[in-house]
Amino acid sequence: MEKCTSFLSCPFLWFFVIFLWLSVSVISCDSGDIYPDEFEYENGVVVKASFIFEELGTFPSNYQVLFGAFGNGKVEPIVSKTIVKPKQGQEVTIMLDNLPDDATSLKLCLTTLGKQPVYTFYKMDVPKAVGDSIVIPIQEIHLMQFDRIQQQVFTPSCVACHGNPGAAGLSLSEGISYANLVNVSSTRSAEHQSRVTPSDIEASFIIDILEHGDLLKTDHTSIPSKYNDDLALLKEWIRNGAKK
């Protein structure tokens with residue numbers, strides 16, 4: 001058998017080079033730009049929202065925080081994504097694909113596990129003229145707000161008895177509850193404790209009656225509701241100065 005005296009005069013080497021070149025070309029095509037051309041995704045209107053959460057000590061565990069599109073006369077969101085508790089200072093970004101045509105607003109909400117809204121931290125109306133995307137820049141969300149306590153605790157759990165006028169002279173109705181609580185002496189406290197003493201949980205009579213069933217004729221230990229988050233929220237609010 002004749003030996004190849006040079007690269008150019010050897011058919012076997014030419015065949016090997018051509019085979020190698022074809023193999024590389026096929027691999028390159030399979031992993032290149034033709035892939036997205038073959039599989040196109042219809043995302044409709046895309047919503048991108050970013051949030052940074054403050055006061056993470058009041059991030060719920062028995063409720064949930066979700067970002068979603070609302071409308072069509074329904075209480076629950078049409079489409080939504082649940083947010084897990086982030087780290088301190090962590091930016092949370094949520095994407096919603098295919099914004100429904102009947103969506104009228106975008107909300108960041110505290111809801112029950114059944115997605116019934118309890119409190120709204122952020123709301124944006126959906127523009128009448130929507131392009132391919134809606135981008136909500138970073139929003140700083142303060143979780144510990146007195147309005148949240150009103151909607152999460154007082155209104156659903158307390159105002160049935162402590163409306164206006166309220167039992168024992170205490171009204172917890174929206175708009176007047178704060179003035180009736182903070183630095184106001186309780187008529188039922190033997191030690192004349194304030195109903196709420198800012199920054200002092202032990203000196204706040206409202207916490208005593210919610211934790212001890214024998215202080216009043218009516219046992220209040222089942223109030224707030226069955227969710228442990230309610231009492232934890234009240235304590236954290238008082239611990240941080242009971243601000244309005």
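Gln151 is found in helix α3, where helices (H or I, at least four residues) and strands (E, at least two) are DSSP runs numbered from the N terminus. The structure is a predicted model, in which local features need pLDDT of at least 70 and side-chain atom pairs count only at pLDDT 80 or more, while totals for chains, interfaces and linings use all residues. Residues are numbered from 1 along each chain as its sequence is written, and side-chain values use heavy atoms, with hydrogens and water left out.

With a relative accessible area of 25%, Gln151 is partly exposed; on this scale buried means under 20%, exposed over 50% and partly exposed in between, for a 1.4 Å probe and protein chains only. Leaving aside residues up to four places away in sequence, Gln151 touches Val118, Tyr119, Pro156 and Glu174, a contact being heavy atoms within 4.5 Å. Gln151 and Thr120 are 31 residues apart in sequence, and their C-alpha atoms lie 9.5 Å apart in space.

The chain has six helices and seven strands, and from the N terminus on its elements follow the order α-α-β-β-β-β-β-β-β-α-α-α-α. Of its 244 residues, 39% are buried. Among contacts between residues at least 6 apart in sequence, 58% join residues at least 24 apart.

The packing of α3 against α6 comes next. Helix α3 (residues 146-157) and helix α6 (residues 228-239) pack at an angle of about 150 degrees, and their axes are 10 Å apart. That angle makes α3 roughly antiparallel to α6, since angles over 145 degrees count as roughly antiparallel, under 35 as roughly parallel, 65 to 115 as roughly perpendicular and the rest as oblique. The axes are lines fitted to C-alpha atoms, for helices over the stretch in contact, and the angles run from 0 to 180 degrees between N-to-C directions. The crossing of α3 past α6 is left-handed, that is, the near helix is turned anticlockwise from the far one by less than a right angle. On the α3 side, Phe146, Arg148, Ile149, Gln152, Val153 and Phe154 take part, and they meet Asp229, Asp230, Leu233, Leu234 and Trp237 of α6. By class, this contact of α3 with α6 has seven nonpolar, one polar and three charged residues; here Ala, Val, Leu, Ile, Met, Phe, Trp, Tyr, Cys and Pro count as nonpolar, Asp, Glu, Lys and Arg as charged, and the others, Gly among them, as polar.

As for Phe67, its contacts beyond four places in sequence include Val47, Ala49, Phe51, Ile94, Leu106, Leu108 and Ile136.

Gln88 lies in the loop between β3 (79-83) and β4, and at 56% relative accessibility it counts as exposed. Gln88 touches Phe53, Glu54 and Leu56, not counting residues up to four places away in sequence. Between Gln88 and Leu56, which are 32 residues apart in sequence, the C-alpha to C-alpha distance is 7.1 Å. Val130, in the loop between β6 and β7, is partly exposed at 34% relative accessibility. Val130 and Val46 are 84 residues apart in sequence and 10.0 Å apart in space, C-alpha to C-alpha.

Finally, some backbone features deserve a look. Most residues other than glycine have a negative phi, and most peptide bonds are trans. A cis peptide bond, with omega about 0 degrees, joins Asn164 and Pro165; Pro165 sits in the loop between α3 and α4 (177-181). Asn98, in the loop between β4 and β5, has a positive phi near 55 degrees and is partly exposed at 42% relative accessibility. Ala242, in the segment after α6, has a positive phi near 50 degrees and is buried, with a relative accessible area of 1%.
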